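Here are a few exercises to work through with the model open in your viewer. Try each task yourself before reading the solution.

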Amino acid sequence: MLMISLLAASAAAAAETNPLADKVRAADQRFADVAVAKSEGYAAIPCVSGPDGSGAMGVHYVNQKLIDDPAIDVSKPEAVLYEPGADGKLELVAVEYITPKGPAALDGQLFSFVNAPNRYGLPPFYELHVWAWRANATGTFSDMNPDVSCAAMMDGM
């Protein structure tokens with residue numbers, strides 16, 4: 001019986017893994033320290049929450065130089081996403097890849113198209129979120145994550 005339980009647990013863990021998310025974690029783990037993102041030219045924009053309690057994306061640290069370059073490199077995401085904590089710390093939860101050229105894909109995963117005008121003030125672009133550090137019930141590549149919140153920012157952080 002123990003062997004069956006162990007096999008079931010192993011299968012469940014394998015089902016939760018994603019090759020692209022694994023690759024992103026390996027390439028971008030350095031961003032767990034927000035100081036690294038800042039040192040590489042990333043700057044914060046406000047925390048992004050979804051409509052009607054659908055979750056959030058978190059605080060984006062974006063690198064304008066990378067946004068202006070249409071190339072996609074798994075180790076150079078255009079945005080790094082953090083969830084603000086009640087203690088004021090930022091926890092790495094995801095990255096976002098952005099390019100004006102499309103249709104775009106990374107390791108076979110298609111990007112979503114965002115038309116203009118948009119809330120970012122950017123021309124039309126393609127984007128892909130990868131929730132590599134926070135599980136997302138709506139999918140590894142969904143925009144919003146119901147388990148991420150901007151509440152700590154709204155509470156006066």
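**Exercise 1. Find how many salt bridges a search of the whole structure gives, then follow those of R134.**

Solution. Bear in mind that this is a predicted model.

- Step 1: The search of the whole structure finds six salt bridges.
- Step 2: Start with E83, whose side chain meets that of R134 at 2.8 Å, N to O. E83 sits in strand β3 and R134 in the loop between β8 and α5, 51 residues apart, so this pair links distant parts of the chain.
- Step 3: Check burial, for which the cut-off is under 20% relative accessible area. E83 has 14%, so E83 is buried. R134 has 15% and is therefore buried.
- Step 4: Now turn to E91, which also meets R134 in a salt bridge (3.1 Å, N to O). Because E91 lies in strand β4 and R134 in the loop between β8 and α5, this pair ties together parts 43 residues apart in sequence. E91, at 40% relative accessibility, counts as partly exposed.

**Exercise 2. Work out which face of helix α2 is buried, and what that face packs against.**

Solution. 

- Step 1: Within α2 (residues 19–28), pick out the buried residues: L20, A21, V24 and D28.
- Step 2: Look down the helix axis; the buried residues fall within an arc of 100°, so they line one face of α2. P19 and A26, on the other side, are exposed.
- Step 3: Find the partners of the buried residues, which are β4, β5, β6 and β8.
- Step 4: N18 caps the N-terminal end of α2, with a side-chain oxygen 2.9 Å from the backbone nitrogen of L20. D22 and R25, three residues apart in the helix, form a salt bridge whose closest N and O atoms are 2.2 Å apart.

**Exercise 3. Locate the disulfide and give its handedness.**

Solution. 

- Step 1: C47 and C150 form the disulfide, with sulfur atoms 2.0 Å apart.
- Step 2: The torsion about the S-S bond is about -80°, so the disulfide is left-handed.
- Step 3: Check accessibility: C47, at 19%, counts as buried, and C150, at 2%, counts as buried too.

Definitions and conventions: Residues are numbered from 1 along each chain as its sequence is written. This is a predicted model: local features need pLDDT of at least 70, side-chain atom pairs count only at pLDDT 80 or more; totals for chains, interfaces and linings use all residues. Side-chain values use heavy atoms; hydrogens and water are left out. Buried means under 20% relative accessible area, exposed over 50%, partly exposed in between (1.4 Å probe, protein chains only). Helices (H or I, at least four residues) and strands (E, at least two) are DSSP runs, numbered from the N terminus. The arc is that of the directions from the helix axis to the C-beta atoms. Contact means heavy atoms within 4.5 Å. A polar contact is a pair of N or O atoms within 3.5 Å; within protein, one must be able to donate a hydrogen and the other to accept it, and residues adjacent in sequence count only if both atoms are side-chain atoms. A disulfide is a pair of cysteine sulfur atoms within 2.5 Å. A salt bridge is a side-chain nitrogen of Lys or Arg within 4 Å of a carboxyl oxygen of Asp or Glu.
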